[in-house]
Amino acid sequence: MIRKITELIEKNENRYLEELKEFVRIPSISADPKKSESMIKCAMWVKKQMDVMGMENTEIIETEGHPSVYGEWCRAEGKPTILIYGHYDVQPVDPVELWDSPPFEPTVKNGGLYGRGAVDDKGQILLHMKAVEAHLQAEGKLPINIKFLIEGEEEVGSENLVPLIKDNLEKLQSDLILISDSSMFAKGMPSICYGLRGISYFELRVRGTNGDLHSGSFGGAVINPANALARIITKLKDEKGRILIPGLYDDVLPLSDEERRVFADLPHDDEKYRKMLGAPELFGEEGYSTLERVWARPSLDVNGIISGYTGEGAKTVIPAKASAKISLRLVPNQTPERVEELFRKYIKEITPPSVEVEIESLHGGMPYISPIDNPIFDVVREALKNGFKADSVTIREGGSIPIVTDFKELLKSPVILIGFGLPDENAHAPNEWIDLENYQKGILSMAYLYEGLAER
Ligand SMILES: [Zn+2]
């Protein structure tokens with residue numbers, strides 16, 4: 001049965017590319033209010049794809065913002081149900097002069113398709129849809145039940161997604177949620193991502209005096225808030241890269257020996273990495289490798305500092321205020337609530353009495369981990385192996401995808417991230433592209449996956 005499907009997938013390679021081009025041609029920039037018509041056009045395009053391939057109960061779900069698209073095929077009685085989530089909106093294209101070809105005129109070059117949204121996330125949604133389509137074309141049915149939820153606000157924070165999920169709990173019920181909106185570790189290494197970091201983001205505002213002061217008349221009599229802020233910041237981390245907030249590491253889930261071995265086996269080269277970044281030396285928490293630091297250890301960074309005179313020439317001033325934006329990346333099982341509590345308490349302790357400090361929490365997101373020994377991973381591995389003719393690797397990501405934890409908590413189903421992008425495909429940047437071999441192999445492996453899940 002699967003042979004018929006894979007043959008069909010091979011035969012239709014060109015059409016799949018043409019359809020991806022059509023999809024990329026729609027300038028669905030969710031952040032741009034002038035593009036609201038394109039957003040609707042794009043949602044309709046997705047719905048039409050679903051209708052034509054034979055998905056049922058397709059609909060455009062209106063939200064307070066841009067609509068989502070839903071479709072399902074749920075006639076495989078007694079078989080598992082998966083929910084595939086993705087987004088049809090794309091990032092803005094600025095700076096447009098840095099694109100080698102116009103962002104909404106999809107261009108094939110060196111085995112890749114260039115255009116905004118090619119990999120993030122249009123190519124990755126469409127490959128699932130084509131895998132489903134191939135099953136329906138070859139067999140007239142699917143081996144499992146499949147639901148699609150494709151939203152239009154991922155690039156602007158998915159604000160209306162949680163309310164939408166809450167309103168549609170029953171409709172979205174599934175045994176497994178699949179998200180393809182990330183990258184593989186490297187070309188030829190299909191990857192399953194099982195962990196994400198969370199985030200806690202704060203703004204610190206330090207105030208010294210009523211207004212800026214003349215540094216000749218007053219210098220030496222009062223503390224300078226910029227100096228005070230610098231003192232606070234230096235007390236947040238030690239020279240070995242360890243965060244000094246008491247209790248911060250208490251909830252950190254340690255890496256297992258097996259995880260450390262798996263990470264160590266990945267083809268990561270510190271020296272290459274250092275060169276790529278242009279850094280004189282890599283720096284991070286002592287006792288951990290680079291991948292461990294980025295994927296599985298908390299980090300703390302100043303994201304910006306503002307204070308005093310920063311214009312041209314000299315101005316002798318003691319600023320009245322200084323502020324910094326500081327964020328922490330969290331790992332399982334830390335929570336933004338607990339981290340905020342610890343952060344506030346510690347800042348209070350280390351703030352010099354000669355200034356006042358105000359802390360605002362800007363946002364927080366939970367870290368995510370799915371149990372690596374879940375047997376579903378074996379089915380996914382098998383499918384990726386069939387599609388890519390290569391062994392897959394299990395990885396984590398240093399970034400945060402807040403909707404992943406929302407899905408897990410609201411729908412109570414495990415989430416698996418299978419990224420088909422490559423790390424250098426310029427998502428969010430000029431010259432975004434998708435590797436067409438990965439696109440095609442992605443379709444093939446997902447066709448195997450649906451089959452594999454049915455047999456499980
Ligand atoms: Zn995305």
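In which crossing does α4 pass α14, right-handed or left-handed? The crossing of α4 past α14 is right-handed. Here right-handed means that the near helix is turned clockwise from the far one by less than a right angle, and left-handed that it is turned anticlockwise. The model is predicted: local features need pLDDT of at least 70, side-chain atom pairs count only at pLDDT 80 or more, and totals for chains, interfaces and linings use all residues. Residue numbers start from 1 along each chain as its sequence is written. Helices (H or I, at least four residues) and strands (E, at least two) are DSSP runs, numbered from the N terminus.

Start with the geometry of this pair. Two packed helices are described by the angle between their axes and the distance between the axes. Helix α4 covers residues 118-139 and helix α14 residues 436-455; their axes are 8 Å apart, at an angle of about 50°. Axes are lines fitted to C-alpha atoms, for helices over the stretch in contact, and angles between N-to-C directions run from 0 to 180 degrees. The two helices are therefore oblique to each other. Angles under 35 degrees count as roughly parallel, over 145 as roughly antiparallel, 65 to 115 as roughly perpendicular, and the rest as oblique.

From α4, the contact uses Gly123, Leu127, His128, Lys130, Ala131, Ala134 and His135. From α14 come Tyr439, Gly442, Ile443, Met446, Ala447 and Tyr450. Residues are in contact if their C-beta atoms, placed from the backbone, lie within 7 Å. By class, this contact of α4 with α14 has eight nonpolar, four polar and one charged residues. Nonpolar covers Ala, Val, Leu, Ile, Met, Phe, Trp, Tyr, Cys and Pro; charged covers Asp, Glu, Lys and Arg; the others, Gly among them, are polar.

Now α4 by itself. Its 22 residues, at 1.5 Å a residue, should span 32 Å, and the end C-alpha atoms are 29 Å apart, which agrees. The expected span is 1.5 Å times one less than the number of residues. Helix α4 is mostly covered, with 18 of its 22 residues buried. Buried means that 20 or more other C-beta atoms lie within 10 Å of a residue's own; exposed means 12 or fewer, and partly exposed lies in between, with C-beta atoms placed from the backbone. Just after α4, Gly140 takes a positive phi of about 75°.

Helix α9 (residues 270-277) is hardly covered: among its eight residues, the count of buried ones is zero.

Return to α14, and take α2 next. The axes of helix α2 (residues 13-25) and α14 cross at roughly 110° and come within 11 Å. That makes α2 roughly perpendicular to α14. The crossing is right-handed. On the α2 side, Glu13, Tyr16, Leu17 and Leu20 make the contact; on the α14 side, Leu436, Tyr439, Gln440 and Ile443 do. This contact of α2 with α14 divides into six nonpolar, one polar and one charged residues.

Helix α1 (residues 2-11) also meets α14. Their axes cross at roughly 160° and come within 10 Å. That makes α1 roughly antiparallel to α14. Helix α1 passes α14 in a right-handed crossing. Ile2, Ile5, Thr6 and Ile9 of α1 face Ile443, Leu444, Ala447, Tyr448 and Glu451 of α14 in the contact. Seven nonpolar, one polar and one charged residues make up the contact of α1 with α14.

Several backbone details remain. A cis peptide bond joins Asp94 and Pro95, with omega about -5°. Pro95 lies in the loop between β3 (81-87) and β4 (107-109). The peptide bond from Pro332 to Asn333 is also cis, with omega near -5°. Asn333 sits in the loop between β13 (321-330) and α11 (336-350).

Asn57, in strand β1 (residues 56-61), has a positive phi near 50°, in a residue other than glycine. Asn57 is exposed, with 12 other C-beta atoms within 10 Å. Lys412 has a positive phi near 55°. It lies in the loop between α13 (402-411) and β17. Lys412 counts as exposed, with 10 C-beta neighbours inside 10 Å.

With 13 C-beta neighbours inside 10 Å, Asp424 counts as partly exposed. Asp424 and Ile434 are 10 residues apart in sequence and 9.5 Å apart in space, C-alpha to C-alpha.

Conventions: Two residues are in contact if their C-beta atoms, placed from the backbone, lie within 7 Å.
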